[in-house]
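Let's walk through this fold together, one piece at a time. Have a look at the picture first, then read on.

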Amino acid sequence: AEYGGLVQDHSKFFAMDTPSLSLEALAALQEFYNEQALSKTTSGLDPSKPFDKLFPEDWNMSQFWYASETAQLYATESKEIANGGKIAFMSIPSAYHVLKDDKQAFLFEYDKRFEIYSENFIFYDYNKPDQIPKEMLHAFDFIAIDPPHLSEDCLTKVLHIAESLSRTETTPWLLSTGAIMEQHLVKYKKRKFHLCEYKPKHTRQLLNPFSAYVTYSSKRLSSSNKPL
């Protein structure tokens, strides 16, 4: 979920007469903001650092990164099913990062910190589908999707963009989202989704459990034989 902006000036917060946080908590918060500022200007990536250290979560943008296990699993699944074709990662930067050296993988993102990925980064706003570059339309052989927000409006708009990126009407999709969205997913008639036994994991515990869905048969994710 990558929508919103960073708080740039925190001086007033730290100058309050009655701090609401301990000195240790304030120091940790300041370190968090410093890491965010650094990641905005980084010109290279340290391969020794995990993804969540290279790009700290921006809570103002509702960012909650997948655990390395899930990111690796989604990346491996995407590459295998794409079978040499182009892959679009829609708002799943942690999974894209695993394949960042693969010229066939592209990241569609709102967070411009990921411009560091150069020509394989495509800025997109799900509210502005007409801004998708024309050369990206119907160019992808696999789509991995994580709608930025848990709302029916966001889900519907993101899936429509995924349709425009898909090479054909049967291009395989992997969708990872809150389990609460299943009630809306069943209304989507253009494709049939299968619930997977595998449950996505995040770097921190979330209140909303997540589920994975595919439009094809997946052994790796243990997809159900029956569609929703």
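Two strands pair if DSSP finds at least two bridges between them. Helices (H or I, at least four residues) and strands (E, at least two) are DSSP runs, numbered from the N terminus. This is a predicted model, where local features need pLDDT of at least 70, side-chain atom pairs count only at pLDDT 80 or more, and totals for chains, interfaces and linings use all residues. Residues are numbered from 1 along each chain as its sequence is written, and side-chain values use heavy atoms, with hydrogens and water left out.

**The sheet**

- Seven strands make up an open sheet with mixed pairing, in the order β3-β2-β1-β4-β5-β7-β6.
- β3 and β6 (194-195) sit at the edges with a single partner strand each, so one side of each has no neighbour in the sheet.
- β2 runs parallel to strand β3 (residues 121-123), joined by three bridges, and Glu109 stands opposite Phe123 in β3.
- β1 and β2 are also parallel, with four bridges; here Met90 has Phe108 in β2 as its bridge partner.
- To get from β1 to β2, the chain passes through helix α5 (residues 93-98), and this β-α-β crossover is right-handed (with the strands pointing away from the viewer, the path from the first strand over the helix to the second runs clockwise).
- β1 pairs with β4 too, parallel and over four bridges, and Ala88 has Ile143 in β4 as its bridge partner.
- Between β4 and β5 the chain goes through α6, in another β-α-β crossover that is right-handed.
- β5 and strand β7 (residues 210-214) are antiparallel, with five bridges; Leu174 stands opposite Val214 in β7.

**Strands covered on both faces**

- Buried means under 20% relative accessible area, exposed over 50%, and partly exposed in between (1.4 Å probe, protein chains only).
- Five of the five residues of β2 are buried, so this strand is largely enclosed by the rest of the structure.
- On one side of β2 you'll find Ala105, Leu107 and Glu109, and on the other Phe106 and Phe108, all buried.
- β4 is covered on both faces as well: Phe142 and Ala144 are buried on one side, Ile143 and Ile145 on the other.

**Helix α6**

- How far apart are the end C-alpha atoms of helix α6 (residues 152-165)? They are 20 Å apart, which agrees with the 20 Å that 14 residues should span at 1.5 Å a residue (the expected span is 1.5 Å times one less than the number of residues).
- The buried residues of α6 include Cys154, Leu155, Val158 and Leu159.
- Among the elements covering the buried residues of α6 are β1 (87-90), β2 (105-109) and β5 (173-178).

**The nonpolar cores**

- A nonpolar core is a set of buried Ala, Val, Leu, Ile, Met, Phe, Trp, Tyr and Cys residues joined through side-chain atoms within 4.5 Å.
- The largest one has 31 residues, and those with the most contacts inside it include Tyr74, Phe89 and Phe114.
- α4 gives the most to this core, with four residues.
- Apart from this core lies another, of 27 residues, among them Ala88, Met90, Tyr124 and Leu165.
- Phe114 touches Phe51, Trp65 and Leu107, among others, not counting residues up to four places away in sequence (contact means heavy atoms within 4.5 Å).
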